Amino acid sequence: MIISLEILIFISAMFFVGYPIFKKSGIRGRESGVNEALGELIHKKEVVYTSIKDLDFDYRTGKLSEDDYKELKEKYEVEALHILKDIDDSGKKKTTVDEAMIKEILPESAEPITDKDFIFCPRCGTKAKMGDSFCFKCGAKLPNLNLTS
Amino acid sequence: MNEIGELCILLSLGISIYSAIVPILGVKRGRDEYVASAENSLFVTAGLITISSAILTYAFLNRDFSIEYVANYSNRDLPLFYTVSAFWAGQKGSLLFWSLLLSLFAAVVVIQNKNKNRDFMPYVISIISITQCLFLLLMTFAARPFELIYPPEDGSGLNPMLQNPGMVFHPPTLYMGYVGFTIPYAFAMASLLTGHLGDVWIKTTRRWTIFSWFFLGMGNLFGAWWAYRVLGWGGYWAWDPVENASFMPWLTGTAYLHSVMIQERRDMLKVWNMVLIVLTFSLTIFGTFLTRSGVIQSVHSFGQGPVGYYFLAFLIIVIVFSSYLIVSRLSILKSNNELDSIISRESSFLFNNLILVGAAFATFWGTMFPLISEAIKGEKVTVGPPFFNQVNIPIGLALLLLVGICPLIAWKKASISNFKRNFLIPFIVSIIGGIALMPVGTGHLLAWLSFTISIFVITTIVMEVYKGARARMETTGEWFVKALVTLIRKNKRRYGGYIIHIGVVLMYIGITGTSYNVEKEATLNKGEAMTIGDYKLVYRGLDLKEPVPTKAEVIATMDVEKGGKNIVTALPRKDFYKTSEQPISRVYNISGLKEDLYIILAGFPIPFQKDSPATFKVHVNPLVKWLWIGGLVIGVGTFIAMLPDWKGKR
């Protein structure tokens, strides 16, 4: 009885361990096809978004002065913009940069802002109206970011 | 049945060796089916070790004394509750229990990562399997749980000190913590091996880390509770080497839990986080080595034997392998980001890390000093609680202060003016509290400081939560309670963390109460009284009972009066077990929020007489209950922090 049980356990264990090899099923193949550079960009994007969310929360709870808040926020928004552009350029997805950014970084409470409203200057981070060709502050050429239109 | 138990262990060993090698081959040869086979191996191992564990439990319940382990740790009269917990009362069973937990955790990891982290999984499987091999090797060669003997009439029985509910919870919770840290360690190594050094491994193992940290902490707390209720010396923590051994990974684990937040937010401290998780995992192995090698005298020791040296060898392998991997990846682990300002949440987290690691190092030094002194001077110099208290109390107070300061500081860049503004109310409240507490501070400066800082920390946390809710109210127009609930729901990690901090403060309050402990010993004749603090205890005589055939209880009756009123009849006792020469003191503890009245029946003349005089040791231990309440609050906070985010599943 005991020996039969032992044989049964042994055979069952071996069968279960060896089954994928005999079946040769490429179960849930590895993510070797994933673009590592893109993964790194997405990671960077998440870091910047979290930073912006933290900034916003710290400002609203009175831990940051307005000047520091504005300065840091602009810095991170510009960074976010560059990363999003790089992501778009890498061909993963044709998204409207502003749409993605507005969706992910602005506080839920904020009024929805459409892509018609503004873009950021890539050089100084100043807000500019969508459609403007040059930054009114530093004069840098503004990119045409509305990729879907 | 024992043959099946042994076979399952042996088979698991073979399969674990297979699953340590095959997934790596799968990666090298691009054969996904190898990885799938290794994943199945983890399921099979879990199944086999579960069968082994079930067989051992059955042997205990069935009083199968032909198995040496069962004969050594149980007997026919052992109550069912303790017969089940006898499973992990000794070395062999605890190794099997450890292996069981690891195999089950491994199976859960495979299920969780069925469709994600596929690049990590071969390495994760391999590292978990290598760790599993250690336990299985031990159970196959050095400490066989199913070893047979000529069956005695009855077993030796379970050590009476282990016949306590604390024993049922203390080892399993501690082991869950110890074993749990294998998972973040395995992912960290997988991240180094694959070169994918972002924060994916941190995010993937975040819940495992909190889970392990929580159980390690709870294991320590249950141990403290058990010591307090069973050992009968009036305290709960003695800086015993093995207590220290489980405290150290908890400290480094706490540092790790905080520092990963900086990596997630700023993409910084990647090397430091790797070092911390390696250190934490290594310290869990080190703790096991200390307990099982007998190199250091401890109440927890399993005695001298070869088992400890298996762990030492494994520890060396872990440290060398991990260090090599970290060094080889140093160039890509380095961060491009820098701290924006020295006054920022990041820098306060860094201070917190340094303090925690400093405390771990001080504890390590004190624990190992007897060995170091023996190696250098040839004599063992024992380091007692005064050293640990002297070093760790200031460190602990600095840490407590940081718990209060951190939430007041913004990420990235906090301006002095904002810092001052946020600091003002908690500062004023703690000053007022400190002044009010002046009377209790006389002669107890550190205790007073601890209470005052505790007030500061609680105020900052309450303010932080209030400000968050108010900010939400302003932007969403929600009413306060809704804003608060939504805020917590949307930021479970942040607010779960704050609740944990409140629990930590309550524990500090409980620990600080030790400064005011009062102790008195007296031999009383029947009808005589002793006083301690506000209490008067009148001794009414002894009684003898035999609730079970294996145990006789000598019970003293004492009327406890407070303010002239009889508040309770205390029944401290001594238990005499047939299986043990040493009687066990059963403390009578009257526990309140303000203080515990802790009564020990220390002695009485033998042979027993009802009217004999008896000696009592009585302690008044203020605020101890807050230590246990703090543990409960930490449990609630951990639960909230671990709750999944349902948003994405809708």
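Domain bounds here come from an automatic or database domain assignment. I'm working with a predicted model, where local features need pLDDT of at least 70, side-chain atom pairs count only at pLDDT 80 or more, and totals for chains, interfaces and linings use all residues. Residues are numbered from 1 along each chain as its sequence is written, while chains are lettered from A and ligands numbered from 1 in the order in which they are written.

**Chain B, domains.** Chain B has domain 1 (1-158), domain 2 (164-335 + 345-400), domain 3 (401-515 + 629-649) and domain 4 (517-627).

**Where they touch.** I found 24 residues of domain 1 of chain B in contact with 27 residues of domain 2 of chain B (contact: C-beta atoms, placed from the backbone, within 7 Å). On the domain 1 side, α4 (80-85), α5 (91-112) and α6 (121-142) of chain B each give at least two residues (helices are DSSP runs of H or I, at least four residues, numbered from the N terminus). The largest share, 9 residues, belongs to α6(B).

**Chain A, confidence.** Next I checked pLDDT, the predictor's confidence in each residue, from 0 to 100. Chain A has a mean of 71, with 64% of its residues at 70 or more. Helix α1 (residues 2-23) of chain A comes out highest at 88, and helix α4 (residues 97-105) of chain A lowest, at a mean of 54.

I also noted that residues 29-34 of chain A stay under 50, with 7 contacts beyond four places in sequence in the model. Residues 108-115 of chain A stay under 50 too, with 8 such contacts.

How values were computed: Contact = placed C-beta atoms within 7 Å.
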